[in-house]
Amino acid sequence: MLDFLFFIPPDDTSASNNRILPWSSFLVICGGWLILWYLTPGLHGNGIGNLFTNNDESSIFLETIIALIIVIILIVTHKRCNQLLFHQSKWIYLYISPVVLALVLPFYYNLPLPAHLYIFWMTVSVFWQDYLTFGLLQSYLEEHLPMWTVILAVAIIFYIGHVVFIPDSFAPAHVSSAFSILGLGIVVAFLRAKLKTLHIILVLHLSFYFIVVF
């Protein structure tokens, strides 16, 4: 169960590529991902932070710290996946973009949360979302399924995560936003499948939230 919850791929990659993933295992993997996805900082109004405080700043900070601790554990326990996901390449220089954007963000930032908290929150949240979904989940499914099956599966799971916790924005009744998030999932999963690493995905995602400040 722990292997599925944390998407720990089998050690024998060559053997796993020839093994069909049972539906029961697939559902357990999806359930494990959904449990972790629930902990995405600021994802919804009933986050875990609200169990401890009614203050928005404290709640966001607490949820971000919890996600940070869990993601550190995931990184430590998934060294083999990380070698591919964060393989050093020319793409790492693109991280200059979100760093610069984060530095200038306070000059035009106008949300109630302090700018430094927003930057911390978005940095952890973006890494959490991308690493959990297009990193670990996609890596595990790639061990068992063809590329396009993986891309569609990851995109649908990504969409379900938004529908379950943010139905007011992404339920099927909201056609444009529903198709947008599903399409985004397909595009990002495709990029991850082709590029193998998360560098471009993280850079684009972080840059977006440092430019478009909600």
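Tyr109 and Tyr118 are both buried, where buried means under 20% relative accessible area, exposed means over 50%, and partly exposed is in between, with a 1.4 Å probe and protein chains only. Before I go on: this is a predicted model, in which local features need pLDDT of at least 70 and side-chain atom pairs count only at pLDDT 80 or more, while totals for chains, interfaces and linings use all residues. Residues are numbered from 1 along each chain as its sequence is written, and side-chain values use heavy atoms, with hydrogens and water left out.

Back to the rings. A pair of aromatic rings is described by the distance of the centres and the angle of the planes. The rule here takes rings of Phe, Tyr and Trp, the last by its six-membered ring, and pairs them if their centres lie within 6.5 Å; planes under 30 degrees apart count as stacked, over 60 as edge-to-face and the rest as tilted. That rule gives 13 aromatic pairs. One of them is Tyr109 with Tyr118, a tilted pair at 5.4 Å centre to centre and 50° between the planes. Tyr118 also pairs with Trp121, edge-to-face, at 6.0 Å between centres and 90° between planes.

Tyr118 and Trp121 both sit in helix α7, 3 residues apart, about one turn of the helix. Helices here are DSSP runs of H or I with at least four residues, strands are runs of E with at least two, and both are numbered from the N terminus. Tyr118 has a relative accessible area of 2%, so it is buried. Trp121 is at 14%, and therefore counts as buried. Elsewhere, ring pairs link Trp33, Trp37, Phe134 and Phe158 into a cluster.

Staying with helix α7, which covers residues 115-142, we come to Gln138. Is Gln138 buried or exposed? Its relative accessibility is 0%, so Gln138 counts as buried. What does Gln138 touch, not counting residues up to four places away in sequence? The list is Thr133, Val150, Val154, Ala189, Arg192 and Ala193, where contact means heavy atoms within 4.5 Å.

Next, the histidines. His199 is in helix α11, residues 199-211. With a relative accessible area of 3%, His199 is buried. Leaving aside neighbours within four places in sequence, His199 is in contact with Leu85, Phe86, His87, Ser89, Trp91, Ile92 and Tyr95. His199 and Tyr93 are 106 residues apart in sequence, yet 9.3 Å apart in space, C-alpha to C-alpha.

His87, one of those contacts of His199, is in the loop between α5 (79-85) and α6 (96-104). His87 has a relative accessible area of 47%, so it is partly exposed. Not counting residues up to four places away, His87 touches Asn82, Thr197 and His199.

At 18% relative accessible area, His205 is buried.

One backbone point. Most residues other than glycine have a negative phi. Lys196 is not a glycine, but its phi is positive, about 75°. Where is Lys196? Lys196 lies in the loop between α10 (175-195) and α11. Lys196 has a relative accessible area of 42%, so it is partly exposed.

Now the chain as a whole. The chain has 11 helices and 0 strands. Its radius of gyration is 17 Å, close to the 17 Å that the globule rule gives for 214 residues, so the chain is as compact as a globular protein of that length. That radius is taken over C-alpha atoms, and the globule rule is 2.2 Å times the number of residues to the power 0.38. Along its principal axes, the C-alpha trace spans about 55 × 40 × 35 Å.

Of the 214 residues, 45% count as buried. Among contacts between residues at least 6 apart in sequence, 75% join residues at least 24 apart. The chain exposes about 11200 Å², and carbon and sulfur atoms supply 71% of that; accessible areas come from the Shrake-Rupley method with a 1.4 Å probe, and for residues only the protein chains shown count as cover.
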